[in-house]
Amino acid sequence: MKKIENTFTVLGFVGKDAQVREFENASVARFSVAVCRGEKDKEGKTQYTSAFISIEAWRKNENKDSFDRIKKGVMLTCEGYFKSEEWTEEDGTVRNRVIIVANKFYETPEKELEEKKEKGK
């Protein structure tokens with residue numbers, strides 16, 4: 001049986017500053033990343049569809065300074081895994097969701113800047 005990797009990589013713009021919660025030993029940052037996809041319509045024009053992806057990142061409290069770079073408008077690359085959660089409501093209804101956990105995130109240089117640097121060499 002093949003081992004299936006539970007990983008993701010997404011590049012996008014931070015929708016708003018991260019909401020950070022501190023616990024005894026660790027902190028969590030919750031934020032969204034805006035992504036878009038272009039598709040050609042019948043007339044050949046590219047139409048873009050945007051979506052916001054909710055992400056959470058955990059750090060030990062001594063390393064939570066990295067959350068400072070999660071600010072609205074910053075282009076980030078996030079790498080991580082999908083985590084499923086299941087719980088039971090007070091009325092007995094079983095709920096579940098998938099959380100996207102980023103164990104690595106970093107600012108992404110804009111493509112235009114990289115192209116200019118390459119031309120200037």
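Analyst: Happy to; here are some labels, each set against its definition. This is a predicted model, in which local features need pLDDT of at least 70, side-chain atom pairs count only at pLDDT 80 or more, and totals for chains, interfaces and linings use all residues. Residues are numbered from 1 along each chain as its sequence is written, and side-chain values use heavy atoms, with hydrogens and water left out.

User: Where in the chain is confidence lowest, and where is it highest?

Analyst: The score to look at is pLDDT, the predictor's confidence in each residue, from 0 to 100. Helix α1 (residues 111-119) has the lowest confidence, with a mean of 55, while strand β2 (residues 19-22) has the highest, at 95. Over the chain the mean is 88, and 91% of the residues reach 70 or more. Where pLDDT is low, the predicted coordinates should not be read in detail.

User: Which elements does the chain have, and in what order do they run?

Analyst: From the N terminus on, the order is β-β-β-β-β-β-α, giving one helix and six strands. Helices (H or I, at least four residues) and strands (E, at least two) are DSSP runs, numbered from the N terminus.

User: Why is the chain called more spread out than a compact globule?

Analyst: The globule rule is 2.2 Å times the number of residues to the power 0.38, and the radius of gyration is taken over C-alpha atoms. For 121 residues the rule gives 14 Å, but the chain has 18 Å, well over that, so it is more spread out than a compact globule.

User: What makes the pair of F31 and F105 edge-to-face?

Analyst: Rings of Phe, Tyr and Trp (its six-membered ring) pair if their centres lie within 6.5 Å; planes under 30 degrees apart count as stacked, over 60 as edge-to-face and the rest as tilted. The ring centres of F31 and F105 are 6.3 Å apart with planes at 65°, so this pair is edge-to-face. F31 sits in strand β3 (residues 26-40) and F105 in strand β6 (residues 94-107), so the pair ties together parts 74 residues apart in sequence. Ring pairs also link F31, F67 and F105 into a cluster.
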